[in-house]
Amino acid sequence: MLDAHRDTLPDGSPTQQLSLHYEWTQPTKGRVTLRVPGEAGLLYDSGTGGCVLAVFDEHGRRVGFDDVYPDGFDLPKGKYEIVLRLRHDDPAVLDAAKQRRLQIDRPLPKNVTLRLAESRSAALR
(Lines give C-alpha, C1' and ligand atoms only; values in the text may rest on other atoms or scores of the structure.)
Protein backbone atom coordinates (compact mmCIF):
# COMPACT_ATOMS: atom_id res chain seq x y z
CA MET A 1 0.00 0.00 0.00
CA LEU A 2 1.19 3.48 -0.73
CA ASP A 3 1.71 6.18 1.89
CA ALA A 4 -1.77 7.30 2.98
CA HIS A 5 -0.57 10.83 3.82
CA ARG A 6 1.02 11.42 0.46
CA ASP A 7 -0.68 9.15 -2.06
CA THR A 8 -4.26 10.32 -2.12
CA LEU A 9 -6.62 11.47 -4.83
CA PRO A 10 -7.89 15.08 -4.90
CA ASP A 11 -11.02 14.02 -2.99
CA GLY A 12 -8.81 12.62 -0.20
CA SER A 13 -9.41 8.92 -0.97
CA PRO A 14 -6.31 6.73 -1.03
CA THR A 15 -4.80 5.36 -4.22
CA GLN A 16 -3.33 1.89 -4.55
CA GLN A 17 -0.51 0.49 -6.69
CA LEU A 18 0.22 -3.00 -7.98
CA SER A 19 3.73 -3.88 -9.17
CA LEU A 20 4.09 -6.95 -11.36
CA HIS A 21 7.54 -8.33 -12.16
CA TYR A 22 8.43 -10.24 -15.34
CA GLU A 23 11.77 -11.85 -16.18
CA TRP A 24 12.74 -11.98 -19.82
CA THR A 25 15.76 -12.88 -21.94
CA GLN A 26 16.39 -10.88 -25.10
CA PRO A 27 17.89 -13.55 -27.40
CA THR A 28 19.60 -11.10 -29.76
CA LYS A 29 20.20 -7.37 -29.97
CA GLY A 30 17.17 -5.61 -31.34
CA ARG A 31 14.13 -3.43 -30.96
CA VAL A 32 11.34 -4.39 -28.55
CA THR A 33 7.94 -2.87 -27.88
CA LEU A 34 6.21 -3.71 -24.60
CA ARG A 35 2.42 -3.76 -24.52
CA VAL A 36 -0.07 -4.56 -21.80
CA PRO A 37 -3.28 -5.90 -23.38
CA GLY A 38 -6.21 -3.94 -22.02
CA GLU A 39 -4.00 -0.96 -21.17
CA ALA A 40 -2.01 -0.12 -24.33
CA GLY A 41 -3.36 3.00 -25.97
CA LEU A 42 -5.97 3.51 -23.26
CA LEU A 43 -5.40 6.21 -20.70
CA TYR A 44 -8.77 7.30 -19.36
CA ASP A 45 -10.67 4.25 -20.63
CA SER A 46 -8.46 1.53 -19.15
CA GLY A 47 -9.61 -0.55 -16.24
CA THR A 48 -6.81 0.69 -14.01
CA GLY A 49 -6.25 4.26 -15.10
CA GLY A 50 -3.09 3.54 -17.06
CA CYS A 51 0.22 1.85 -16.49
CA VAL A 52 3.95 2.40 -16.60
CA LEU A 53 6.68 -0.10 -17.43
CA ALA A 54 10.30 0.00 -16.35
CA VAL A 55 12.98 -2.31 -17.78
CA PHE A 56 16.05 -3.20 -15.73
CA ASP A 57 19.15 -5.04 -16.94
CA GLU A 58 20.79 -7.88 -15.02
CA HIS A 59 22.75 -5.33 -12.96
CA GLY A 60 19.59 -3.55 -11.81
CA ARG A 61 20.11 -0.48 -14.01
CA ARG A 62 16.99 0.98 -15.58
CA VAL A 63 17.48 0.75 -19.35
CA GLY A 64 13.98 1.49 -20.56
CA PHE A 65 10.71 3.11 -19.58
CA ASP A 66 7.33 3.14 -21.29
CA ASP A 67 3.66 3.83 -20.62
CA VAL A 68 0.24 3.24 -22.20
CA TYR A 69 1.53 4.62 -25.52
CA PRO A 70 4.42 2.23 -26.23
CA ASP A 71 7.28 3.58 -28.33
CA GLY A 72 9.69 0.68 -28.16
CA PHE A 73 13.44 0.80 -27.68
CA ASP A 74 16.62 -1.04 -28.59
CA LEU A 75 18.07 -3.55 -26.17
CA PRO A 76 21.24 -5.61 -26.38
CA LYS A 77 21.16 -9.37 -25.87
CA GLY A 78 20.73 -10.22 -22.19
CA LYS A 79 18.47 -10.87 -19.23
CA TYR A 80 15.96 -8.25 -18.11
CA GLU A 81 13.38 -7.62 -15.45
CA ILE A 82 10.29 -5.71 -16.50
CA VAL A 83 8.24 -4.03 -13.80
CA LEU A 84 4.65 -3.12 -14.62
CA ARG A 85 2.97 -0.66 -12.28
CA LEU A 86 -0.80 -0.27 -12.24
CA ARG A 87 -2.75 2.28 -10.18
CA HIS A 88 -6.32 2.26 -8.96
CA ASP A 89 -8.22 3.39 -5.89
CA ASP A 90 -10.01 0.03 -5.51
CA PRO A 91 -7.75 -2.81 -4.25
CA ALA A 92 -10.18 -5.39 -5.73
CA VAL A 93 -9.50 -4.05 -9.24
CA LEU A 94 -5.76 -4.42 -8.71
CA ASP A 95 -6.21 -7.87 -7.20
CA ALA A 96 -8.01 -8.96 -10.38
CA ALA A 97 -5.07 -7.62 -12.43
CA LYS A 98 -2.43 -9.79 -10.73
CA GLN A 99 -2.41 -12.20 -13.67
CA ARG A 100 -2.03 -9.42 -16.25
CA ARG A 101 -0.06 -10.53 -19.27
CA LEU A 102 2.76 -8.64 -20.89
CA GLN A 103 3.18 -8.65 -24.67
CA ILE A 104 6.69 -8.25 -26.07
CA ASP A 105 6.79 -7.37 -29.78
CA ARG A 106 9.96 -7.82 -31.81
CA PRO A 107 10.29 -7.29 -35.56
CA LEU A 108 10.93 -10.34 -37.72
CA PRO A 109 14.46 -10.53 -39.13
CA LYS A 110 13.09 -10.52 -42.68
CA ASN A 111 9.75 -10.15 -44.46
CA VAL A 112 7.45 -13.14 -44.63
CA THR A 113 5.48 -13.88 -47.80
CA LEU A 114 2.04 -15.40 -47.32
CA ARG A 115 -0.22 -17.01 -49.90
CA LEU A 116 -3.82 -15.78 -49.64
CA ALA A 117 -6.98 -17.37 -50.99
CA GLU A 118 -10.52 -16.07 -51.61
CA SER A 119 -12.11 -18.87 -49.62
CA ARG A 120 -11.33 -21.99 -47.67
CA SER A 121 -12.02 -24.24 -50.67
CA ALA A 122 -9.74 -22.11 -52.86
CA ALA A 123 -6.99 -22.49 -50.29
CA LEU A 124 -7.28 -26.28 -50.49
CA ARG A 125 -6.69 -26.39 -54.26
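Biologist: Let's start with Asp 57; where is it found?

Modeller: Asp 57 is found in strand β3; strands are DSSP runs of E with at least two residues, numbered from the N terminus. This is a predicted model, where local features need pLDDT of at least 70, side-chain atom pairs count only at pLDDT 80 or more, and totals for chains, interfaces and linings use all residues. Residues are numbered from 1 along each chain as its sequence is written, and side-chain values use heavy atoms, with hydrogens and water left out.

Biologist: What makes Asp 57 count as buried or exposed?

Modeller: Buried means under 20% relative accessible area, exposed over 50%, and partly exposed in between (1.4 Å probe, protein chains only). Asp 57 has 14% relative accessibility, so the residue counts as buried.

Biologist: Which residues does Asp 57 touch, not counting those up to four places away in sequence?

Modeller: Those are Val 63, Lys 79 and Tyr 80, with contact meaning heavy atoms within 4.5 Å. The side chain of Asp 57 also reaches the backbone nitrogen of His 59, at 2.9 Å.

Biologist: What does the salt bridge of Arg 35 and Asp 105 tie together?

Modeller: Their side chains meet at 2.5 Å, N to O. Arg 35 lies in strand β2 and Asp 105 in strand β7 (residues 103-105), so the pair ties together parts 70 residues apart in sequence. Arg 35 is partly exposed, at 31%, and Asp 105 is partly exposed, at 25%.

Biologist: How do you know that Lys 98 and Asp 95 meet in a salt bridge?

Modeller: Their N to O distance is 3.1 Å, which is within the limit, so the name applies. Lys 98 has a relative accessible area of 44% and is partly exposed; Asp 95, at 47%, is partly exposed too.

Biologist: And what makes a nonpolar core?

Modeller: It is a set of buried Ala, Val, Leu, Ile, Met, Phe, Trp, Tyr and Cys residues joined through side-chain atoms within 4.5 Å. The largest one has 20 residues, and those with the most contacts inside it are Ile 82 and Leu 84. Strands supplying at least two residues each include β1 (16-26), β3 (51-57) and β6 (78-88).

Key:
Helix = DSSP H or I, 4+ residues; strand = E, 2+ residues; numbered from the N terminus. Polar contact = N/O pair within 3.5 Å; in protein donor to acceptor, adjacent residues only side chain to side chain. Salt bridge = Lys/Arg side-chain N within 4 Å of Asp/Glu carboxyl O.
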